[in-house]
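Please keep the sequence and the model at hand while reading.

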Amino acid sequence: MDEIQKIVFEISNRCQRRKIPTTDMLAAFMAKAVILENPEQYQLDRALSQEDVEGLVNAAVERLSRPDDPSLETLRMQVAFDAAYVQHQESLEKAQTVSKRSYSLIEQSICLLKLSGPKDVGGMGQLHRLIIAALLTKTAQNPQNELYQKEVAAALESVLPRANLHAFAALEYADKRDRLADLHNYVLGIRLFNKSIGKGGAGLGDSLQDALGTTRELKQAVSGQLAAAQREVDDYTRAVGVLHGRGDGEEALLQRLRDEMNNRRQYGSFVASFEEEVRASEQRLEELADGQAGAMEELRELVGRRSAVPKERVYPLFEGLAKRWSEAAEAGSHVATLQRVFEELSAFAAPA
């Protein structure tokens, strides 16, 4: 492993000195390509001599320095795609980890809090504030915002009245955590329903429609580039067929066309994988949107028909609203990540 790292470092270092654009990942890919193309010289079951290492580094640097080389551009494209996907996915996961960590800290404080008795007003006030902060944090809203606090407090009162906080505090740690998850879904569902009838939902975005809009825009852009790449491959296929049929002995030109065609095929393959993933996201979001619309309509009918609505009827509906909203928010973040990766891949849209 150390030997491989030294080889990659040396390739990158020499390229930098010669002002050849490269990355460690590209250097590693090129070193691997040279090794695979010369199995007799670079045998993986034995240690490389200093002469082998020098030859490998020189061959890789020479390949990376070739101007106007479709095969090299294909390799650059593959490395750029892999690197961008990993980088943006890691950034998304890091942001999600930070958000979960913030919620977990408040959740822990809630679960560990003990009241001295049913008349511990100070303790119950602290518990109430912590629950509100937890519910806002989980929806990525500022827990210090007074408007959000008041709205969550009002929704929370209908689910867990202040008078019942002592009973909540007496639960076991795991039971508190489960109950807190339920409170999140019920309160968020209430706020989403109130938003739909114009009576609340302050600061809550329409995660479903936002994610659907972004996904459809991305699908359109991806489909356009995929169609263009397929047309280019068809053009190259015809050109290669014509040139090959003439038998003029223009092997260099024929190989150049084949390399360019392979470049377009590889680009089309990357774009096709994007299209498949984007279409799957769109399909799931449409299912969520249909479910959300149906639940909203059912809630309007239930609330509109009677003054008192059984909790066993509305709570599952509120929970469904919250879960679909949360899943759509996560899907939207994923699609936004795909969009950033696609923007970087689009730099290779023009033929090499």
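Is Cys111 buried or exposed? Cys111 has a relative accessibility of 3% and therefore counts as buried. The model under discussion is a predicted one.

## Cysteines

The structure contains zero disulfides.

## Nonpolar core

In soluble globular proteins, nonpolar side chains tend to be buried together. In this model the largest nonpolar core comprises 44 residues. The residues with the most contacts inside this core are Ile110, Leu127, Ile131, Leu156, Leu183, Phe318 and Leu321. At least two core residues come from each of H4, H5, H6, helix H7 (165–169), H8, H10 and H11. The largest share is that of H5, which supplies nine residues.

## Aromatic pairs

A pair of aromatic rings is described by the distance of the centres and the angle of the planes. The structure has six aromatic pairs. In one of them, the ring centres of Phe81 and Phe274 are 5.9 Å apart and the planes stand at 70°; because an angle over 60 degrees defines the class, this pair is edge-to-face. The pair connects distant parts of the chain, with Phe81 in helix H4 and Phe274 in helix H10 (residues 251–305), 193 residues apart.

Both partners fall under the 20% limit for burial. Phe81 has a relative accessibility of 12% and so counts as buried, and Phe274, at 2%, counts as buried too. Phe81 and Phe274 also belong to one aromatic cluster, together with Tyr85, Phe270 and Phe342.

## The largest pocket

The largest pocket holds about 660 Å³ of space. Its lining consists of 19 residues, of which Ser99, Lys138, Ser326, Ala329 and Glu330 are the closest to the pocket centre. By class, seven of the lining residues are nonpolar, seven are polar and five are charged.

Which helices each supply at least two residues of this lining? They are helix H4 (70–112), helix H8 (173–196) and helix H11 (311–345). H11 gives the most, with eight residues.

## The enclosed cavity

Rolling a probe the size of a water molecule over the atoms shows where empty space is left.

H8 has the largest share, four residues. By class, the cavity lining has five nonpolar residues, two polar residues and one charged residue.

## Positive phi values in loops

Most residues other than glycine have a negative phi, and most peptide bonds are trans. Lys19, a residue other than glycine, has a positive phi near 60°. Lys19 lies in the loop between helix H1 (2–17) and helix H2 (24–37). Its relative accessible area is 74%, so Lys19 is exposed.

Ala140 likewise has a positive phi, near 60°. The loop that holds Ala140 runs between helix H5 (121–138) and helix H6 (146–159). With a relative accessible area of 68%, Ala140 is classed as exposed.

Methods:
Residues numbered from 1 in each chain as written. Predicted model: local features only at pLDDT ≥ 70, side-chain atom pairs only at ≥ 80, totals over all residues. Heavy atoms only, no water. 1 Å grid on protein atoms, 1.4 Å probe; cavity = no way out; pocket = protein on both sides within 12 Å on 5 of 7 lines; lining within 4 Å. Points joined across faces, edges and corners; volume = space filled by probe spheres on them. Nonpolar A, V, L, I, M, F, W, Y, C, P; charged D, E, K, R; others polar. Disulfide = S-S within 2.5 Å. Buried < 20%, exposed > 50% of the residue type's maximum accessible area, 1.4 Å probe, protein only. Phe/Tyr/Trp six-rings, centres within 6.5 Å; stacked < 30°, edge-to-face > 60°. Core = buried A, V, L, I, M, F, W, Y, C linked by side-chain atoms within 4.5 Å.
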